[in-house]
Every structure is written in structure tokens, then in C-alpha cells.
Amino acid sequence: MNAPFELVCPAGGLPALKTAVDGGANCVYTGFRDDTNARNFTGLNFDDKSLKEGIAYAHQRSVKVFIALNTYPQDNNWPRWTAAVDKAAAFGVDAIILADPGLMDYAHRTHPQLRLHLSVQGSATNYEAINFYRERFNIQRAVLPRVLSLAQVEHVVKNTPVEIEVFGFGGLCVMVEGRCALSAYATGTSPNCQGACSPGKAVRYEETPTGMETRLNGILIDRFGPGERAGYPTLCKGRFEVDDETYYAIEEPASLNTLELLPELMKIGVAAIKIEGRQRSPAYVGQVTKVWRAAIDACRRDPAHFVPQAAWMAELNKISEGQSATLGAYNRPWK
Amino acid sequence: MKLALGPLLYYWPRQRTMDFYAEMAEQALGVIYLGEAVCSRRHEMRLDDWIEVATVLADAGKEVALSTLPLIESESDLKAVRRLMDAARDDTRLTVEANEMGAVRQLAERGQRFVAGPTLNVFNGRTLKLLADCGATRWVMPPESGRAMLAGIQAEIPTGVETEIFVHGRLPLAYSARCFTARRYRLQKDSCEFRCIEFPDGLTLKTREGAAFLTLNGIQTQSAKVYHLERELPELVAAGVDLIRISPQADAMPALLDAYRKRIAGVAASMPAGDFCNGFWYERPGLELVTP
């Protein structure tokens with residue numbers, strides 16, 4: 001098992017980047033401070049100065065830096081996205097993560113040496129799609145949407161020369177990434193175009209006689225009784241009524257943890273594992289990075305006997321926003 | 001500007017589906033999209049049935065496009081897509097609507113012309129140009145986008161490429177590997193009992209205040225409100241839109257199509273009533289109803 005297996009960690013800012021590098025990340029992914037990336041949140045991401053410093057810090061320690069430019073530009077804002085590509089290239093990032101074919105075409109023609117990754121927002125779930133991006137834009141890696149089973153991931157890996165990166169830990173989208181306009185429908189802000197889902201500016205928490213209510217642009221997403229913890233009103237994680245039953249109609253508020261699948265993921269030839277959470281704190285990034293570093297190292301030493309240590313799982317559970325952990329689509333309890 | 005009948009997004013019994021398209025064969029429609037465009041498990045209509053309906057409609061002088069699934073997960077999904085492409089290759093009256101990039105790759109390789117479907121995320125002219133180079137002769141605007149985005153693309157539309165816009169129906173908003181209709185009835189997806197067949201217009205999801213919000217349609221999530229760009233038709237004509245897509249619904253399709261045809265011709269017509277929205281066109285939250 002000598003193929004590289006990279007740990008790709010999130011950084012919403014310079015402190016998180018340094019923590020990830022120090023904690024043992026092989027790669028850190030970041031974004032610019034605007035809607036050119038899918039974590040366009042207030043106070044998050046990098047300006048030029050912090051990015052330069054972050055890249056220098058990472059490169060001195062042989063860690064790669066990726067920039068996500070994974071929203072879809074339109075003709076009236078197109079120059080901002082191409083400028084972001086140019087800037088990423090000029091800063092010497094190790095790869096840019098793109099979703100829009102037009103922008104990939106631009107990047108491939110303008111900066112042929114720049115390594116391109118296909119973002120999860122590109123919604124490529126099969127090898128034919130991934131090979132399309134390879135042939136047209138010479139992408140080197142694809143991040144798979146969080147909808148495939150392990151067997152399906154393996155089938156993709158076997159049928160493409162493109163490196164495959166999968167999500168290993170963190171928040172979970174139940175919808176195919178890049179194919180979800182629920183937030184756009186409710187709030188006018190979408191991951192595809194504005195780089196955010198269920199944006200904070202649309203959120204309201206209201207204490208009412210029937211409990212704490214959470215709303216998104218006025219739409220009731222959930223209501224919490226005494227003793228229930230009022231979670232953030234991410235649209236698909238609310239409780240709704242369908243055919244006279246009230247329940248988590250789309251998705252339980254759970255987070256992904258695939259630590260126990262590590263030997264399988266390595267065996268089937270996955271090239272990199274991605275940790276979700278650029279919006280999370282440096283402390284979160286540090287803890288997750290350390291645990292995954294230790295787990296990957298242990299698994300590489302002796303994959304046949306790899307068992308997630310109880311301490312690792314406890315540490316990860318602690319930072320999962322009080323949510324239960326799931327293996328997501330990789331094994332399909334709901335199938 | 002011509003009318004396009006979008007693919008049937010709901011799961012109707014086989015006979016009902018056949019009857020529906022027999023009825024649609026009588027309608028003046030620019031294009032009819034056919035095929036299972038939501039869930040690969042649905043089987044009331046087999047691939048051969050769809051191809052047969054396509055042939056019958058083509059014989060009746062209709063332009064027909066076969067829609068591919070937007071979410072391809074397995075080799076058997078890929079095989080189904082290839083069979084649709086084969087059908088369109090063998091009968092040149094048929095085309096394919098590609099709904100994910102895997103289909104685009106194969107269509108380009110085979111040199112087959114195709115329609116770039118609404119899930120291909122065409123948001124700018126450069127992407128459309130690429131798809132046109134791959135063989136796209138028409139593109140369908142992603143439902144979440146509006147008039148400013150359209151204007152940008154129309155300003156540099158490649159020669160020979162038509163523009164189609166979704167103007168009527170519950171909006172297809174999201175796709176998942178999971179089935180939310182099965183989830184409601186505590187069924188696993190692999191043993192879903194095909195419960196979505198009981199809901200010819202989908203299953204309404206309401207907030208805990210009882211407000212209709214979304215529509216569950218198997219692995220697809222739609223709006224509860226009906227997208228409706230009737231008053232915007234003159235603006236669409238001015239923007240150079242070639243086709244407007246009406247999404248099949250359980251009731252009153254002939255009346256609806258008739259009303260749209262009249263409105264295109266500039267004749268007054270009463271639309272069937274509904275809980276309408278049009279926000280996306282105005283770059284607003286999609287569920288809003290903006291008065292132009």
C-alpha cells in the first residue's frame with residue numbers, strides 16, 4: 001500500500017490553516033473571501049496577505065494548498081472568477097478546485113501547468129463524467145458527491161485515471177452537490193451561484209409559547225420543545241409534516257464519520273480523504289486533523305488489523321456538533 | 001416560440017402514461033421529452049416502452065427527445081443511457097437530452113447531436129460554447145437562474161443553439177441518492193414498494209405550521225408551488241427564447257397547453273388556477289410571486 005493517500009483538511013482562515021498543517025494534513029483547502037467558493041460566509045476565508053502567508057507556512061512544511069473556486073460564474077460576473085483563477089496561479093497554489101466547465105476551460109488554456117481538481121459541486125458521480133473533464137481539461141483529481149456506496153466508488157476508481165477524493169468526515173449533504181436549489185428556492189442564496197446554503201442572514205431564532213422556533217426567510221424549519229437543542233436551520237435538516245406525520249422528512253441532523261472504512265477506502269484505491277468544515281473553528285480543524293493523521297498512519301502500517309481507537313471516536317464525536325455519526329452513503333442503511 | 005413538453009417527472013402506472021402520451025400526440029407541441037428522468041428503479045415503462053412511444057410520436061410528426069437520468073450511479077444506469085443513445089442513433093428523428101456530463105462525453109464521442117438538459121448547470125456562455133462544441137443544439141436553463149443570467153448567455157449564444165426555459169410546473173429543485181417518498185413510509189430504497197406511484201403530482205411536504213413548502217417525488221425534491229412564467233412570456237420572446245417547457249402534471253394538461261399557446265399568440269386566455277411562484281426569474285427566492 002504505497003500509493004499516496006492524502007489527508008485534505010479545511011481552513012476557513014490562517015489560524016485553521018496553521019493548525020491543519022501542524023496537525024499532519026497533507027493538503028489544506030481554502031477559498032478567497034467572496035462568492036467564488038462554496039463557503040462564502042461572513043468572516044471566513046482568505047485575503048491576499050493571509051493567503052500568501054498561509055501558502056508559505058504550508059510549503060515550508062511540505063504541505064499542499066488548494067483553492068476552491070467551485071461556484072458557477074455568470075457572464076455578468078465572469079471576470080471576477082477568472083481573476084481568482086489567475087491569482088491562485090500567481091500565488092503558487094498546488095491545485096484549484098473547480099465546478100464550472102467554462103471556468104475549467106479558461107484555467108486549462110490560460111494556466112496549463114496549474115493542477116485542476118473537479119469539485120464535488122461538479123456533480124460527477126460516474127467515470128464517464130469524470131473522464132469527460134479529464135479529456136477536455138486534464139483534471140487530475142475528482143471529489144465525489146456524497147451519494148455513492150463503497151462498491152460504486154470502487155467502480156469509479158477502476159475506470160478512470162483521475163485520482164479520486166472522497167469525503168471522510170464532517171457535515172453531510174443528503175442531496176447531490178451542485179444539484180440542489182433548495183436554499184435558492186427558500187432564500188435566494190444558493191451553493192451553486194452565491195456559495196452558501198441556508199445563509200445566516202436569513203436565519204431567525206424565536207422563543208414562542210410552543211417552543212423555540214427556527215426560521216429561514218420566514219419559513220418554519222423546526223420547533224424545539226424544552227430540553228431539545230435548537231440546531232441551525234439548515235433547510236434539509238428540519239422537521240416537516242408529510243401525510244400527517246411530523247419528522248425529519250429529508251435528513252436527520254447527523255454528521256459523516258468514515259474512520260472505520262479507512263482500510264477499505266485505501267484498498268479500493270481512493271487517493272485522498274477530505275474533511276469537511278471550512279466554516280468550523282481552528283480547534284475543530286486541529287482535533288479532526290490529528291485524529292485522522294493518527295488513524296491513517298496506523299492503517300498504512302497495518303491495514304489488516306486496523307480498528308478505530310475508542311479515544312479517536314470519542315474525540316470525533318465530541319466535535320460533531322452533538323450530532324450522531326453516520327457512514328453516509330458508503331454503506332446504505334436506508335437502501 | 002414553441003411549446004416543449006418536459007419529461008414526466010412523476011411515476012404513473014403504465015397505462016396512464018401511455019394514455020397521456022396518446023393525448024399529447026394530438027397536441028401542437030414543438031418538442032416532447034420522454035423517458036424516466038428521476039429514478040432508475042421505476043419500471044412501469046421499460047426502456048423499450050419509452051422508445052416505442054418515441055417512435056409513435058415521431059411517426060405522428062413530433063420532434064422527440066429522450067431524457068437521460070440526472071444521477072448515474074452504477075454500470076446498469078450507464079447501460080440504460082447508452083441504450084437511449086443507440087435508439088437516437090438508429091432513428092435520426094430522435095435526439096437525446098443529456099442530464100449529466102457522462103452522457104455528454106459519450107454523445108460527443110459518438111458524434112450525436114443532443115439537448116443540454118437543465119441539470120448540466122449551464123450558467124455562462126463559455127460553458128454553453130463548450131457544450132455546443134460537443135454537439136449540443138439546444139440548452140435548457142437551470143431552473144434556479146433568471147433573466148440576468150439568460151441575457152448574458154443570449155448575448156453570445158453559439159450559432160445553431162436554441163434556448164429553452166422551464167416556465168410551468170413544480171420546480172425540480174434537488175436530487176439525492178436517497179428516496180424521500182420511501183423514507184416517509186419507513187421503507188428502504190431497495191424495497192420501496194414503489195410508493196411514489198400513489199402520488200401522481202408528488203407528495204406535499206408542509207412546514208409545522210401547515211404551509212405547503214416542497215414536494216417529495218422519490219429521489220427528487222420539487223417546489224410545492226407551481227412555477228409560472230405566464231405574464232413574462234413577452235419578455236421571453238424579446239429575449240430570444242426558442243422553447244418554453246411545460247412540465248407534465250396529473251390534471252388539465254390540454255387546457256394548460258391551450259392557454260399557453262393562446263398567450264404566445266397574444267390572445268387572452270384563462271390559465272388553470274394554482275399556487276404560483278416566479279421568484280427565480282427575478283433573481284429572488286424561488287418561492288416568491290413577483291408582480292412584473
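Biologist: Into which domains is chain A divided?

Modeller: Keep in mind that this is a predicted model. One part of chain A is written as two stretches, 6–172 and 254–326, which together form domain 1. The other part is residues 182–247. So the division, which comes from an automatic or database domain assignment, gives domain 1 (6–172 + 254–326) and domain 2 (182–247).

Biologist: How far apart do the C-alpha centres of domain 1 and domain 2 of chain A lie?

Modeller: The two domains do touch: 11 residues of domain 1 of chain A are in contact with eight residues of domain 2 of chain A. On the domain 1 side, these divide into three nonpolar, six polar and two charged residues. As for the C-alpha centres of the two domains of chain A, they lie apart by 27 Å.

Biologist: What radius of gyration does chain A have?

Modeller: Chain A has 10 helices and 16 strands, and its C-alpha atoms fill a box of roughly 60 × 55 × 40 Å along the principal axes. Buried residues make up 55% of its 335 residues. A compact globule with 335 residues would have a radius of gyration near 20 Å, and chain A agrees with that, at 20 Å.

Biologist: And what is the radius of gyration of chain B?

Modeller: Chain B has nine helices and 12 strands, and its C-alpha trace spans about 50 × 50 × 35 Å along the principal axes. For 292 residues the globule rule gives 19 Å, and the chain B value is close to this, so chain B is as compact as a globular protein of that length. The radius of gyration of chain B is 18 Å.

Biologist: How many residues of chain B are in contact with chain A?

Modeller: On the chain A side, 53 residues take part. The elements giving two or more residues to that side include helix H4 (101–110), helix H5 (127–137) and strand S8 (175–180) of chain A. By class, the chain A side has 27 nonpolar, 16 polar and 10 charged residues. The number on the chain B side is 56.

Biologist: Which residue of chain B does A:Cys180 stand opposite?

Modeller: Two strands from the two chains pair here: S8(A) and strand S7 (residues 162–176) of chain B. They run in the antiparallel sense, over two bridges. The residue in S7(B) that A:Cys180 stands opposite is B:Ala174.

Biologist: Does B:Ala255 count as buried or partly exposed?

Modeller: B:Ala255 is found in helix H9 (residues 253–264) of chain B. A residue needs 20 or more C-beta neighbours within 10 Å to be buried. Since B:Ala255 has 13 inside 10 Å, it counts as partly exposed.

Definitions and conventions: Residues are numbered from 1 along each chain as its sequence is written. Chains are lettered from A and ligands numbered from 1 in the order in which they are written. This is a predicted model: local features need pLDDT of at least 70, side-chain atom pairs count only at pLDDT 80 or more; totals for chains, interfaces and linings use all residues. Helices (H or I, at least four residues) and strands (E, at least two) are DSSP runs, numbered from the N terminus. The radius of gyration is taken over C-alpha atoms; the globule rule is 2.2 Å times the number of residues to the power 0.38. A residue is buried if 20 or more other C-beta atoms lie within 10 Å of its own, exposed if 12 or fewer, and partly exposed in between; C-beta atoms are placed from the backbone. Two residues are in contact if their C-beta atoms, placed from the backbone, lie within 7 Å. Ala, Val, Leu, Ile, Met, Phe, Trp, Tyr, Cys and Pro count as nonpolar, Asp, Glu, Lys and Arg as charged, and the others, Gly among them, as polar. Two strands pair if DSSP finds at least two bridges between them.
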